[in-house]
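User: Hi! I'm new to reading protein structures, and I'd like to work through this one with you. Could we take it step by step?

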Amino acid sequence: NSTTSLNARLRTPVMSAHDASALIRPGMTVAMSGFTGAGYPKAVPGALAERIEAAHARGEDFRVRLLTGASTAPELDGKLASVDGIQLRLPYQSDPTLREKINAGEVDYLDIHVSHVAQHAWFGFYGDIDIAVIEVSGIRPDGQLIPSTSVGNNKTWIERAAGVILEVNEHQPSGLDGMHDIYYQTALPPHRKPIPLLHPGDRIGGPYLRCPPEKILAVVKTEAPDRSNAFSEPDETSRQIAGHLIDFLRHEIRHGRLPPTLLPLQSGVGNITNAVVAELGKEGFGGLTAFTEVLQDSMLDLLGDGVLDAASATSLSLSPAGLARFANHIAKYRQRLILRPQEISNHPELVRRLGCIAMNGMIEADIFGNVNSTHVMGTRIQNGIGGSGDFARNAYLSCFLSASTAKNGTISRIVPMASHVDHTEHDVAVLVTEQGLADLRGLSPKERARKVIEKCAHPDFRSMLQDYFDRACRESYGKHTPHLLQEALSWHQNYVQRSSMRLP
Ligand code: 0RQ
């Protein structure tokens, strides 16, 4: 077994998770692997949570600053949040317990663009990193590390941390070996060079992570699957949204603005984007590629069916059934599926060069096309910006998709003014709801507003939005982007006060 032979050679102790977690002390900055429920450490975080709980019971202060790739799982974010062990957390998260602690003001959350995290760590923006806890799927006899089901920020965490705890997860399929592409040529300004990637399927680095042996403080063996989300079968709303978007893509092909094989697809997290990709497969498209951050079930199916020629991502976020398909047919996928560090999978230079078609979910959009991806009622974090900003600003086509309402129709997701803005009107080309698709390219703010109200708003809210806009056009201080400032956020205030945006 390669792990044992390496450890014999390096004298790196194989430890229990409990013993390894004792290397982490109060106040440390700890960087962990994990991206959208894939490739996160399975054992050390739980052992750490137990030690934190015991310390708190003794009246001692014990919290850590926690950096990851993106969202992890109940075993990591959930356990550490439930024992109040997290002082600061970055970037993207989606754990319900952690979300509650953030929204209660008990955890400082830094919501950073996924592509920015590694470079910020290199710039020193987050201070020193004491320990990295990284899941790998194996250690080679030469000491190189075989990455797991996500790459995330692991290259940077290993390089920047003073010490490294490795979790070797023997549950991960051995066929992962060779699937990754770790690019080691990134540099800091002013020494940066172009990243030599011209096609989503290009390999520009090597398959393994490197770690100086003297940095490895502990090796912990695990054997546990990734937390995996089951996707719901596409519902009527998702299918309608997918239908509008696919009609639009065909229209663009007919007008020569897209090739028949489209351009590299980026697809965000969630059921709707999963459904859009699935529908693409049924609609007779072929020769497609994906340059995305998260590979969900439907993309795996398109790879398997030969609809997708190549896919580049940083994480495999698959349902239990998807994971089983992946493991059973890994040889079929590994030629055409490449997992990269998130600073490469989401790199603005590459997204711009490749001309991605970006498709992401949203919390709400306003009539002018500003998009809120992160905050409910402008104040409560839902998940985070994730990679949506990396792609939205730099894509060839930037599309945001959601149902037109939320919470049983009490909330309009098209509002007069977005209560928080993650993607400005300048970054948003297309808005899609089950009601229709608003193509906002080349339109002025007032033209955009008319189109968004007509095409995307739910009929129950359409006349309210039209009324707001008509009055704003008459009474607004400026007539370029007309607003009634005292009323602009009243829809949200109404919801906060009486649980509905509808007129009483
Ligand atoms: O909550 O389940 O409690 O009812 O928000 O909303 O409609 O199920 O949509 O799962 O696609 O998520 C923007 C959050 C959409 C996601 C967001 C409530 C709603 C529900 C989820 P409940 P839906 P989705 C690359 C791309 C940012 C990151 C990103 C996201 C829950 O797409 O996190 O794009 N995006 N990354 O009820 C009140 C509203 C609401 C609302 C939704 N207007 N008001 N509640 N909800 N809209 C991948 C990565 O970056 C890793």
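This is a predicted model: local features need pLDDT of at least 70, side-chain atom pairs count only at pLDDT 80 or more; totals for chains, interfaces and linings use all residues.

User: Is Gly387 buried or exposed?
Analyst: Let's count neighbours: a residue is called buried if 20 or more other C-beta atoms lie within 10 Å of its own. Gly387 has 29 other C-beta atoms within 10 Å, so the answer is buried.

User: Which residues is Gly387 in contact with, leaving aside neighbours within four places in sequence?
Analyst: Skipping those sequence neighbours lets us look at partners from elsewhere in the chain. For Gly387, the contacts are Val114, Ser115, Glu293 and Asn346.

User: Which positions does UniProt list as "binding site"?
Analyst: This comes from an unreviewed UniProt entry, and Gly387 is one of the positions it gives. They are spread over 45 residues of sequence, and in space they reach up to 25.2 Å between C-alpha atoms.

User: Where does Ile363 lie, and is Ile363 buried or exposed?
Analyst: Ile363 lies in the loop between strand E15 (357–361) and strand E16 (364–366). Around Ile363 there are 25 other C-beta atoms within 10 Å. The cut-off is 20 or more, so Ile363 is buried.

User: In the open sheet, which strands stand at the edges?
Analyst: The sheet has three strands in the order E17-E16-E23, with mixed pairing. An edge strand has a single partner strand, so one side is left without a neighbour in the sheet. The edge strands are E17 (371–372) and E23 (414–415).

User: What is the bridge partner of Glu364 in E17?
Analyst: E16 and E17 run antiparallel and are joined by two bridges. In E17, the residue that pairs with Glu364 is Asn372.

User: How many residues surround the ligand, and how many of the shell are charged?
Analyst: The ligand is surrounded by 29 residues, and the closest are Gly268, Gly270, Gly361, Gly386 and Ser388. Sorted by class, the shell has 13 nonpolar and 12 polar residues, and the charged ones number four.

Key
Residues are numbered from 1 along each chain as its sequence is written. A residue is near a molecule or strand if its C-beta atom, placed from the backbone, lies within 6 Å of it. Ala, Val, Leu, Ile, Met, Phe, Trp, Tyr, Cys and Pro count as nonpolar, Asp, Glu, Lys and Arg as charged, and the others, Gly among them, as polar. UniProt positions are given in the numbering used here, feature names are shortened, and annotations may be inferred rather than shown by experiment. Helices (H or I, at least four residues) and strands (E, at least two) are DSSP runs, numbered from the N terminus. A residue is buried if 20 or more other C-beta atoms lie within 10 Å of its own, exposed if 12 or fewer, and partly exposed in between; C-beta atoms are placed from the backbone. Two residues are in contact if their C-beta atoms, placed from the backbone, lie within 7 Å. Two strands pair if DSSP finds at least two bridges between them.
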